[in-house]
Amino acid sequence: MPLLLKISILLSFLFLLSEIILVLTKHSAKKTTFRKRDNGSLLFFWIIIGSSLTAGFNLAKFHDWKFVNILTGSAGISLILAGLVIRWIAILQLKKAFTVNVAVSVNHVLKTDGLYRFVMHPGYLGLLLIMTGEALTMNTIISFIVVFVPICLTILYRIYTEEKLLEEFFGETYRNYKHNTSRIIPFIY
């Protein structure tokens, strides 16, 4: 088994473990929650990520590692690492305001500094980088499409769900932030 594949699998397990820990520990508290509006997006997220990665791994070519595949796999590993760092910095910067379900607390403050100064959803940017990296390490274009497209669409749905709630809660303040800040990719989208 190539070293890049071993690293990719290790990083996949670390990502999975970190997400399981978040799901178990970072739900919004019932007493301090103003409103929840997850619309099933968390469950949808887990189903799409799990099924896309499973399908991608089943369609992958792990036995054929030429120079171009090593470069692509290395780029994938780099994206996974960058994504993990960005995702965890975003989570840590939100502190108690971070929850896995879409919710706002009574004393919720809109975060507009740190990574949130550049993009409205740096945690999803990190997730997108992780999933893009995973898809690149699978070594086929079909694996890349099977992983990237559904996960990208799921992230966009989750952002839509989250933004509706934040705009309802923060009103004009959020609309101004939304107008002046990239959604997920700095200076692009």
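Tutor: A residue is called buried under 20% relative accessible area, exposed over 50%, and partly exposed in between, with a 1.4 Å probe and protein chains only. At 41% relative accessibility, Leu 59 therefore counts as partly exposed, and this residue lies in helix 2, residues 41–59; helices here are DSSP runs of H or I with at least four residues, strands are runs of E with at least two, and both are numbered from the N terminus. The model is a predicted one, in which local features need pLDDT of at least 70 and side-chain atom pairs count only at pLDDT 80 or more, while totals for chains, interfaces and linings use all residues. Residues are numbered from 1 along each chain as its sequence is written, and side-chain values use heavy atoms, with hydrogens and water left out.

Leu 59 is one of the residues of a nonpolar surface patch of about 1200 Å², and among the others are Phe 118, Ile 141, Ile 145, Leu 156, Phe 187 and Tyr 189. Helix 5, residues 141–170, gives the most to the patch, with six residues.

Now to the inside. A nonpolar core is a set of buried Ala, Val, Leu, Ile, Met, Phe, Trp, Tyr and Cys residues joined through side-chain atoms within 4.5 Å. The largest core has 27 residues, of which Ile 49, Leu 127, Met 131, Ile 151, Ile 155 and Ile 184 touch the most other members. Helix 1 (3–25), helix 2, helix 3 (67–94), helix 4 (122–137) and helix 5 each supply at least two residues of this core, and helix 4 gives the most, with seven residues. Leaving aside residues up to four places away in sequence, Ile 49 touches Leu 127, Met 131 and Ile 151, contact meaning heavy atoms within 4.5 Å.

As for the whole chain, its secondary structure comes to six helices and two strands, and 44% of its 189 residues count as buried.

How values were computed. Patch = residues over 30% accessible without salt bridge, like charges linked within 9 Å, V, L, I, M, F, W, Y side chains within 5 Å. Areas by Shrake-Rupley, 256 points an atom, 1.4 Å probe, with all protein chains shown as cover. Salt bridge = Lys/Arg side-chain N within 4 Å of Asp/Glu carboxyl O.
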